[in-house]
Amino acid sequence: MKSILPLTLILALVVAFENCASNQGNQKLGVSKINTGSHLAQIESIDADLKSSALSDESRDKLVIRKGKLLLDLGKYDETISTLNQVNQAKSNPVQLSEWNLTMGKAYVGKNEYSKAIQFLNQSERLDKNTNLMERKKLVVQSLVAEREYYPALATLTKTYTKGNQKKDEFYYETAAKTYLKMGFEYKNTGFYQKGLQVANLGLEEFPNNETLKSIQKECLEVLQPEGKL
């Protein structure tokens, strides 16, 4: 077995990577720049509409979910949750309730409460297996990694991309490589660093300009080749 770098250096490498990967992950899953003024104006308009006594329960719940999504975009996670809790779940149709659970799951991801997020995301899929499938799966995998449930995360990731012959994208390679990197640090096992390096190398063949994969590749090599050679 190859010698492993001192614990403090490995920790510094992992923390530095996580900061970088976290920022890039947020950009890919969540999210683009928004027009705050437009969102606030839409929320104000929805609040006015919700005062109408002529609204059916279904129309009201649709407006509430829409408001929740707007609050989610603004990063107001607690307000998102409290708003969505106004929806009458007993009367919602499965597709609408699936959307409700997905938005709740995203809010809990935003709050870093990943175990709760996973519950809502899984319930969203049980109610509607077709809509937003990849988005849900990616959020579940991210949440499992954050909860240090590495083996379930890798199993879910593999199943998601195998089923339906889903083409492996940057998210797949980044997440798999990052997970192996974390496992190498967690379990003090160079075998996981080697797997992380292999995945990063494969990903870079497909996406040669991916900075996250380059960072993982470098960090794995610094552990596996501390003197610049195997």
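**Exercise 1. Salt bridges along and between helices**

The structure holds 13 salt bridges. The model is a predicted one. Take three of these bridges in turn.

*Solution.* 
- Step 1. Start with the contact. The side chains of lysine 62 and glutamate 58 meet in a salt bridge, at 3.7 Å from N to O.
- Step 2. Check accessibility. Lysine 62 has a relative accessible area of 48%, so it is partly exposed. Glutamate 58 is partly exposed too, at 43%.

*Task.* Which parts of the chain does the pair of lysine 106 and glutamate 135 tie together?

*Solution.* 
- Step 1. Find the bridge. The closest N and O atoms of lysine 106 and glutamate 135 are 2.5 Å apart, in a salt bridge.
- Step 2. Locate each end. Lysine 106 sits in helix α5 (residues 94-110), glutamate 135 in helix α7 (residues 133-146). The pair therefore ties together parts that are 29 residues apart in sequence.
- Step 3. Check accessibility. Lysine 106 is partly exposed, with a relative accessible area of 25%. For glutamate 135 the value is 25%, also partly exposed.

*Task.* Is lysine 138 buried or exposed?

*Solution.* 
- Step 1. Identify the partner. Lysine 138 forms a salt bridge with aspartate 169, and the closest N and O atoms are 3.1 Å apart.
- Step 2. Lysine 138 belongs to helix α7, and aspartate 169 to the loop between α8 and α9. The parts tied together by this pair are 31 residues apart in sequence.
- Step 3. Apply the cut-off. Buried means under 20% relative accessible area. Lysine 138 has 17%, so it is buried. Aspartate 169 has 22%, so it counts as partly exposed.

*Solution.* The members are Asp78, Lys111, Glu113 and Lys116.

**Exercise 2. Aromatic rings**

*Task.* How many aromatic pairs does a search of the whole structure find?

*Solution.* 
- Step 1. Take the count. The search finds seven aromatic pairs.
- Step 2. Look at one pair. Tyrosine 150 and tyrosine 187 lie 6.4 Å apart, centre to centre, with 85° between the planes. Planes over 60 degrees apart count as edge-to-face, and this pair is edge-to-face.
- Step 3. Tyrosine 150 is in helix α8 (residues 150-162), and tyrosine 187 is in helix α9 (residues 170-187). The pair links distant parts of the chain, 37 residues apart.
- Step 4. Check accessibility. Tyrosine 150 is buried, at 5%. Tyrosine 187 is partly exposed, at 38%.
- Step 5. Turn to the cluster. Tyr161, Tyr172, Tyr173 and Phe207 form one aromatic cluster.

**Exercise 3. Positive phi**

*Task.* Where is lysine 188, and what is its phi near?

*Solution.* 
- Step 1. Locate lysine 188. It lies in the loop between α9 and α10 (190-206).
- Step 2. Phi of lysine 188 is near 55°, a positive value in a residue other than glycine.
- Step 3. Follow the side chain. The charged end of lysine 188 sits over the ring of phenylalanine 185, 4.8 Å from the ring centre.
- Step 4. Check accessibility. Lysine 188 is partly exposed, at 45%.

*Task.* Is asparagine 112 buried or exposed?

*Solution.* 
- Step 1. Locate asparagine 112. It is found in the loop between α5 and α6 (114-127).
- Step 2. Phi of asparagine 112 is near 60°, a positive value in a residue other than glycine.
- Step 3. Read the area. Asparagine 112 is exposed, with a relative accessible area of 52%.

Notes
Residues are numbered from 1 along each chain as its sequence is written. This is a predicted model: local features need pLDDT of at least 70, side-chain atom pairs count only at pLDDT 80 or more; totals for chains, interfaces and linings use all residues. Side-chain values use heavy atoms; hydrogens and water are left out. Rings of Phe, Tyr and Trp (its six-membered ring) pair if their centres lie within 6.5 Å; planes under 30 degrees apart count as stacked, over 60 as edge-to-face and the rest as tilted. Helices (H or I, at least four residues) and strands (E, at least two) are DSSP runs, numbered from the N terminus. Buried means under 20% relative accessible area, exposed over 50%, partly exposed in between (1.4 Å probe, protein chains only). A charge sits over a ring if NZ of Lys or CZ of Arg is within 6 Å of the ring centre and within 35 degrees of the ring normal. A salt bridge is a side-chain nitrogen of Lys or Arg within 4 Å of a carboxyl oxygen of Asp or Glu.
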